[in-house]
Amino acid sequence: MPTIPPQHSLPDVLSRLDRLTNWERKPRGEMRVGLEPMFDLMQRLGNPHQSFRAIHVAGTKGKGSVCALAAAALLQAGWRVGRYASPHVDRVNERISVLGREVEDGRLAEALEKVLDSYELAKREATPGEDATWFDVITAAAFVVFRDAGLDWAVVEVGLGGRLDSSNVVFGEVAVVTNIELEHTEILGNTREAIAAEKVGILKPGATLATTLAATDAAGRVLQQRADELGCRVLRTDVAEDATIADRNAALVGVVLDHLGQQGERARVGAETGAPIGAWLLDQAVRDNARLPGRMERFAFTLPATSNTVQRVVPMVMDGAHVPFNIEAVLRDITRSPDFSGKCVAIVALASDKDAEGFLTVLSRSVTYVVFTEASGSGRSHPADELATLATSMGVACEAEPDPRKALDRAAMKISEDGGWILVTGSLYLVGALRGTVLEGAA
């Protein structure tokens, strides 16, 4: 569809957006939570969140990959699909995709201007929208983009928690909770059960819940109880204990697709036109189209030659895992591949609100050496020297280098001397800081 030229370029509009409070880049202890500003903006914008059908995805980890896989499958079936995700790795356009592609600069600028104008009007009229945050506005802009693109479906990723997340103005016909572990405890609660209660807040009457969590799991019981209260059906996956992250994600998306097929949704294109949609859509092409930057992303990285070594290529993985159970799964999956045998040198940054000791306990079982750095984009980075002090007390060989690019140089030097492979982890902001440099040095 034609795009109306915005009044200003995307950088100009983003500069205007960046004047708002951005809790992704600040300590979250004093974070405002509540949906009143979003509902005010939605009403002012003509309720764009009601213009499409939605799958709404919450959980501690795997949300982005599950969203990408669901969106790719629905697109393969011939539906007009959008996806909303956070955070971005390289540029903000990554957060909003339409028909499998990042939103264009002009369309994003146009949508953001509409929302920012509504925000300014709310400020003048002193209505709840005056308290809208950076994330409220970008979320509202995504829904404007989806409406204006005439989409059938949107797969919407929760930013933080669920119940009070900006995205929770949508009605998700299927509400997905990928998993529950301790994270953002200062906001969501100090137990898995408390966190589950927040995340299942995306479930609404008339919807269906899909999850990997068993009814016998402590957090799973909370999900089941809420579903029972609302009269909602619960779909659960059945996968082997040693299933890979990718297989777990596919199993979860598969039960969602099977459910939609049972509800009458059918493929619109291809040889299977008219067939109920289902897990059969998750072929290799769909899985490949659903790959995201910084999620088990593999590179062949070229090490520079030194006075003692020749130039050579080593394997590298970038993954934004930042909680203990997820880095454990990442390491388990990586080390199954013969390409990643031998010593591992990790480059690690963690936000100050993460379980550093738990994360390092898991990491220390698989890595030989760690270069700690800081992901400055988050604004909440744990000081590299403090992480190094903690790791040293745990018997981990390491060093601190706050600058991510210098940390990459230090890791490359270590690998040049001792061999092995490189892991970049702990923060998607760290991935974003290094990914461009790594791509330049990739074979």
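How many disulfides does the count come to in this structure? In this predicted model, the count comes to zero disulfides. A disulfide is a covalent bond between the sulfur atoms of two cysteines, and the rule applied here asks for a pair of cysteine sulfur atoms within 2.5 Å. Cys-344 is in no disulfide, since the nearest cysteine sulfur, which belongs to Cys-398, is 14 Å away. Cys-398 is likewise in no disulfide, with the sulfur of Cys-344 as its nearest at 14 Å. Cys-344 has a relative accessibility of 1% and counts as buried, and Cys-398, at 18%, counts as buried as well; the cut-off for this word is under 20% relative accessible area.

**The sheet that holds Cys-398**

Cys-398 belongs to strand S13, where it stands opposite Val-370. Strand S13 is part of an open sheet of six strands, which follow the order S9-S10-S14-S11-S12-S13 with mixed pairing. Because strand S9 (297-303) and strand S13 (398-400) each have a single partner strand, they stand at the edges, and one side of each is left without a neighbour in the sheet. On average, and with direction ignored, neighbouring strands of this sheet are turned by 20° against each other.

Strands of a sheet pair through backbone hydrogen bonds, either parallel or antiparallel.

| Strand pair | Sense | Bridges |
|---|---|---|
| S9 and S10 | antiparallel | seven bridges |
| S10 and S14 | parallel | four bridges |
| S12 and S13 | parallel | three bridges |
| S1 and S6 | parallel | five bridges |

**Helices**

Helix H11 (residues 324-334) lies across strand S10 (312-319) and strand S14 (421-425), and it runs at about 155° to S14. Helix H13 (residues 384-393) lies across S12 and S13, running at about 160° to S13.

Helix H5 (residues 134-148) has 15 residues, and the distance from its first C-alpha to its last is 21 Å, close to the 21 Å expected at 1.5 Å a residue. Helix H5 is mostly covered, with 13 of its 15 residues buried. Just after H5 comes Gly-150, which takes a positive phi of about 65°.

**The eight-stranded sheet**

Another open sheet is formed by eight strands in the order S4-S3-S2-S5-S1-S6-S7-S8, and its pairing is mixed. Strand S4 (101-102) and strand S8 (233-236) are its edge strands, each of which pairs on one side only. Within this sheet, strand S1 (residues 53-58) and strand S6 (residues 172-177) pair in the parallel sense, and Ala-54 stands opposite Gly-172 in S6.

Methods: Residues numbered from 1 in each chain as written. Predicted model: local features only at pLDDT ≥ 70, side-chain atom pairs only at ≥ 80, totals over all residues. Heavy atoms only, no water. Pairing = 2+ DSSP bridges. Helix = DSSP H or I, 4+ residues; strand = E, 2+ residues; numbered from the N terminus. Axes fitted to C-alpha atoms, helices over the stretch in contact; angles between N-to-C directions. Contact = heavy atoms within 4.5 Å. Expected span 1.5 Å × (residues − 1). Buried < 20%, exposed > 50% of the residue type's maximum accessible area, 1.4 Å probe, protein only.
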